[in-house]
Amino acid sequence: MKDLKVIFMGTPEFSVNVLNSLIRNTNVIAVVTKPDKLVGRKQVLTESAVKKVALENNIKVMQPTKIRNEYQSVIDLNPDIIITCAYGQFLPKEILEYPKYGCINVHASLLPKLRGGAPIHRAIIDGYTTTGITIMYMGQKMDNGDIISQKSIEIEKTDNVGTLHDKLSLLGAELLIETLPNIISGEINRIVQNEEEVTFGYNISREDEHIDFNKTKIEVLNKIRGLNPWPSSYAILDNVEIKIYEAIIGEDIYKEKSNGEIVKVYKDGIVIKVSDGEIILKTIKPSGNKKMSVKDYLNGYKEKNNLIGKVFR
């Protein structure tokens, strides 16, 4: 496949393994990625993870602000195939219909489940036990194209969005390279997605990050796992935002307490009542502080027992 002329479109770290596999196995003639953006409090202009890899390999980089209006330079490169992975923009019809082998997308779910921009987060938050990678033809709508191949992976109880992200990134790169020869030969069985089975993995909003302790302990734990390490979940205690990264489920039930109320304090855990039991916080980040274990947080808290009865909002 080294003579296969590929244009790759992607932006975040998730896309890097896919791009590296294409560089090793095909002729990547250009990379299309989002424009550099200002990051952090100091607003440092930062390149995407994909752009960094492209430059390291002396590959042409294109960064259209809106590819719907700036597609001609892509077509002019005369690619055999265009492969996208978490690019972040919809492709116009002019691009979708140009390459002889089509436009292929690497998506981090088992479509038609979890269409959208945050399928890894949502798989954990929504309590899925299995997810995977789908290689698909791109369509005019979000993640609605015909399926070419899929491979599943178990979501382990110890997984968070960071660990599952890394597993799926590697799986996506592997499955794409396995699938490409069949795409080129035409020996594929295109599967039309069943619209009745569609679910969505929409991007995470600020509102999504807030923990509702009126939920069940499994729902609360899944949200914490599904947002760890980024963008992270949070709740408010004494008008201070507390980011929550790790927690475990406890066994006790407190019928007379309010949901969100701190009911116990251990040397290494803060116990919070939820609708059907308790959640024990283990790793947190109070606003203005660094990420820390609850044990370290409590070591700096003069009156630990004064926490009991306070309520997370």
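Leaving aside neighbours within four places in sequence, Thr134 is in contact with Asn105, Val106, His107, Ser109, Leu110, Leu111, Ile147, Ser149 and Gln150. In this predicted model, Thr134 belongs to strand 8, which covers residues 130-137, and the residue is buried, with a relative accessible area of 0%. Among the residues in contact with Thr134 is Gln150, and here the two side chains make a polar contact of 2.9 Å.

Seven strands in the order 5-2-1-6-7-8-9 form an open sheet whose pairing is mixed. Strand 5 (60-62) and strand 9 (147-154) stand at its edges and have a single partner strand each, so one side of each is left without a neighbour in the sheet. On average, and with direction ignored, neighbouring strands of this sheet are turned by 20° against each other. Strand 8 and strand 9 run antiparallel and are joined by seven bridges; within strand 9, Glu154 is the residue that stands opposite Thr130. Helix 6 packs on the sheet, where it touches strand 6 (81-85), strand 7 (103-107), strand 8 and strand 9, and the direction of helix 6 makes about 150° with that of strand 9.

**Helix 1 against helix 6**

Helix 6 (residues 161-185) also packs with helix 1 (residues 16-25), at an angle of about 35° and with the two axes 8 Å apart; the crossing of these helices is right-handed. On the side of helix 1 the residues that meet helix 6 are Asn17, Val18, Ser21, Leu22 and Asn25, while helix 6 contributes Ser169, Leu170, Gly172, Ala173, Leu176, Ile177 and Leu180. Sorted by class, this contact has seven nonpolar and five polar residues, and no charged residues.

The angles given for these elements are gathered below.

| Elements | Angle |
|---|---|
| Helix 1 and helix 6 | about 35° |
| Helix 6 and strand 9 | about 150° |

**The chain as a whole**

The secondary structure of the protein chain comes to nine helices and 15 strands, and its C-alpha trace spans about 70 × 45 × 30 Å along the principal axes. Of the 313 residues in the chain, 49% are buried, and Thr134, with its relative accessible area of 0%, is a buried residue. Among contacts in the protein chain with a separation of 6 or more, 63% are accounted for by residues 24 or more positions apart.

Methods: Residues are numbered from 1 along each chain as its sequence is written. This is a predicted model: local features need pLDDT of at least 70, side-chain atom pairs count only at pLDDT 80 or more; totals for chains, interfaces and linings use all residues. Side-chain values use heavy atoms; hydrogens and water are left out. Helices (H or I, at least four residues) and strands (E, at least two) are DSSP runs, numbered from the N terminus. Buried means under 20% relative accessible area, exposed over 50%, partly exposed in between (1.4 Å probe, protein chains only). A polar contact is a pair of N or O atoms within 3.5 Å; within protein, one must be able to donate a hydrogen and the other to accept it, and residues adjacent in sequence count only if both atoms are side-chain atoms. Contact means heavy atoms within 4.5 Å. Axes are lines fitted to C-alpha atoms, for helices over the stretch in contact, and angles run from 0 to 180 degrees between N-to-C directions. A crossing is left-handed if the near helix is turned anticlockwise from the far one by less than a right angle, and right-handed if clockwise. Ala, Val, Leu, Ile, Met, Phe, Trp, Tyr, Cys and Pro count as nonpolar, Asp, Glu, Lys and Arg as charged, and the others, Gly among them, as polar. Two strands pair if DSSP finds at least two bridges between them.
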